[in-house]
Amino acid sequence: MDEIQLKEMQDEEMINNAFQELLDSYLATKHRKKIEIITKAFNFAKQAHKGVKRRSGEPYIMHPIAVAKIVCTEIGLGSTSICSALLHDVVEDTDYTVEDISNIFGPKIAQIVDGLTKISGGIFGDRASAQAENFKKLLLTMSDDIRVILIKIADRLHNMRTLGSMLPNKQYKIAGETLYIYAPLANRLGLNKIKTELEDLSFRYEHPEEYEQIEKKLAATQQERDSLFQEFTDPIRKELDKMGLQYEIKARIKSPYSIWTKMQTKHISFEEIYDILAVRIIFKPKDNQQELNECFNIYVSISKIYKPHPDRLRDWVSHPKANGYQALHVTLMSNRGQWIEVQIRSKRMDDVAEQGFAAHWKYKEGGGSEDEGELEKWLHTIKEILDDPQPDAMDLLDTIKLNLFASEIFVFTPKGEIKTMPQNSTALDFAFSIHTFLGSHCIGAKVNHKLVPLSHRLQSGDQVEILTSKAQRIQPSWVNFVSTAKAKAKILAIIKREQRIAQKEGEEILNEFFQKEDIEQTSINTEKLFRLHRMNTKEELLLALGQKTLVLGEEDRNVLKEKSNSTNWKKYLFPFGGSGNKQNKGKKIPEENKEEQKADENSIDRKKPIKLTEEAIQKNYIIADCCKPIPGDDVLGYIDDKNRIIIHKRQCPVAAKLKSSHGNRILAANWDTHKTLFFPVNILVKGIDNIGVLNQITQVISQQLNVNIHKLTIESNDGIFDGKIQLYVHDVNDVKTICNNLKKINEVKSVSRI
Ligand code: MN
């Protein structure tokens, strides 16, 4: 037997073992045992992908098997979803069609596979112009059958778990997209565990060093946490035993990604994060009807042992989160003087928290269908948003994303009906949530019987009455303070409609002007006009004319009547050195063509990380203005429209969007050593205000370290100071040295780069 045959046999065995494992875990679930159809789907997919390998060298079929396993064990779905997962890449990657699948496996599975095929290019295609369509497709298929998105999330999870074998630039695209949309989606669907894993995996690829540091610190402090956990939970166990409960107590350790996010947003160090450990009590209710009461009974008995924090009782038991999450959260003071959060949940609530909506189906007979109603409502909102024409996919995405991450408050209508709203909702959001007419004519509100403006932020428990006026019209500025997707989408749609009407009026005004002045109406003449008023498009000009913010007059006449061979007007034409493309009418070159041309022209090797050397700065690459990375930061490159490479921090919000929308223009980038150039950084110093402390700070920076301070602002308040120092450094190591030296000053309590 030769080597190839041997390899084939080994592969065959690996495949069969993996499938057997899938079957075993399926048989262990409560679902009906539809082994036959699953085996048929497996054999079909295996034969269809025959001979194809993944980048890692594994046979391709290993991927669908792994996805099906996630769908079964981690999301808890049944045979239809398992079959669809096994078949999810067949239509995309082989000659089989959706009809073939339908003929063999029936219409339901075919429909799900079709949905998965439609969104197979990622949420966004490789080209910016394909985004809108793909994203809409995703949302539409999702609202058709939620299983499509659940399987898609499983697919993404497996791709993230095996991301190591991809090219670095692809890694950033996939990791970025995961963090931008898949993790929020998983969160919205209640797949907590998967959400956390997706975030951690993305974090690990984008910031490998920070990830490793946090892991190390977590490992180093593990023992301490273990002993705290034991000491803290011992008296609790005794109490729960006395109550005769069946329960389990678990330690919940904060994930590296959330630790890192907290460090970044609060400008604190690992050591300053106090809630790394939380405690979970999972009990089996004696009586399912009494589940809620039992949560509160446990709360009462353990708060006899430890003092509860008065402001930190979170009751997600009587008011579940929109993603179905239920639990009672309390924060107790441990004997070591540390606040510890305790989460009290029944076994059912715990399953829902880990597996999301799929777990609801498992408990269907025991109630809880109310939360499926919440999901239905959310999907309905998404459908409504899709009904409004919105050409810009990224706007649409931002709008939808608003709805994914928000936590909720509860407010009451004047009649006492309860409504769930995202946190930070304003009176105007509330108005739109009830009816578009109410929103678009809202002039203010009464909150708890007091008059408030429409931008007023609502609090849980508020009673809200909306005041309207027929004369009221939507204002563009409203977009700035609403926070729900629905309100935002409605406002934008109405503004757009009004703009279209104004542009039509503007067009008439322009036509009249040309006629009156007896000037030929050509696209060049129109362009002369909008350039004269420092505008970029004809549409802007029409809008300004229609809204009467611009009236054509003397100057316009002169510009148009200058002889066209005189070059005088040309200074208005292309002030930014653009190309002289005068085809405003006629056919437009579609965006994607332009992009493809550029991609061909450029000689950048996208597969290799670019080296950011000191000599080549400004020539080969440009530092992004938004996040201003310095040498040593985790960065990536983005090839912009002018074929320049812009260097962003990997966690920069602008880069996050680019990763999702223009993944094929992302480059991996590494820093070379930088020793001559200086880069600006901001450092935040906090501490106790003492005579001479400012002097010490400046001394450390300028004398010991010989770095120039560019700007220093210090605010002092009741003996505490808050200082912001801007200075110029070579790289991240300089910043670390400065921070470490500043920390040595007695009065200084925290130092961080912002
Ligand atoms: Mn796949």
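Metal donors are N, O and S atoms within 2.8 Å of the metal (3.2 Å for Na, K and Ca); water is not among the atoms, so sites may look incomplete. In this predicted model, local features need pLDDT of at least 70 and side-chain atom pairs count only at pLDDT 80 or more, while totals for chains, interfaces and linings use all residues. Residues are numbered from 1 along each chain as its sequence is written, and side-chain values use heavy atoms, with hydrogens and water left out.

The manganese ion is coordinated by His63 (NE2), His88 (NE2), Asp89 (OD) and Asp155 (OD), at 2.3 to 2.6 Å. The spacing of these donor residues in sequence is H-x24-H-D-x65-D. Asp89 lies in the loop between helix H4 (79-86) and helix H5 (90-93), and Asp155 in helix H9 (residues 146-161), so the pair ties together parts that are 66 residues apart in sequence. Helices (H or I, at least four residues) and strands (E, at least two) are DSSP runs, numbered from the N terminus. Asp89 is buried at 9% relative accessibility. Asp155 is buried too, with a relative accessible area of 9%. Buried means under 20% relative accessible area, exposed over 50%, and partly exposed in between (1.4 Å probe, protein chains only).

Five strands form an open sheet with mixed pairing, in the order S1-S2-S5-S4-S3. Strand S1 (246-253) and strand S3 (314-315) stand at the edges, each with a single partner strand, so one side of each is left without a neighbour in the sheet. Two strands pair if DSSP finds at least two bridges between them. Strand S4 (residues 328-333) and strand S5 (residues 339-346) are antiparallel and share six bridges. Within this pairing, Thr331 stands opposite Glu341 in S5. Helix H13 (residues 222-242) packs on the sheet and touches S1, strand S2 (277-284), S4 and S5. The direction of H13 makes about 160 degrees with that of S1. Helix H15 (residues 291-302) also packs on the sheet, touching S2, S3, S4 and S5, and its direction makes about 135 degrees with that of S2. Axes are lines fitted to C-alpha atoms, for helices over the stretch in contact, and angles run from 0 to 180 degrees between N-to-C directions.

Ile259 belongs to helix H14 (residues 256-266). Ile259 is buried, with a relative accessible area of 0%. Leaving aside neighbours within four places in sequence, Ile259 is in contact (heavy atoms within 4.5 Å) with Ile214, Leu218, Lys254, Phe270, Ile273 and Ile276.

A search of the whole structure finds nine aromatic pairs. Rings of Phe, Tyr and Trp (its six-membered ring) pair if their centres lie within 6.5 Å; planes under 30 degrees apart count as stacked, over 60 as edge-to-face and the rest as tilted. The rings of Phe44 and Phe105 have centres 5.6 Å apart and planes at 80 degrees, so this pair is edge-to-face. Both Phe44 and Phe105 are buried. Phe232 and Tyr306 are stacked, at 4.4 Å centre to centre with 20 degrees between the planes. This pair links distant parts of the chain: Phe232 is in helix H13 and Tyr306 in the loop between H15 and S3, 74 residues apart. Ring pairs also link Phe203, Tyr211, Tyr257 and Trp260 into a cluster.
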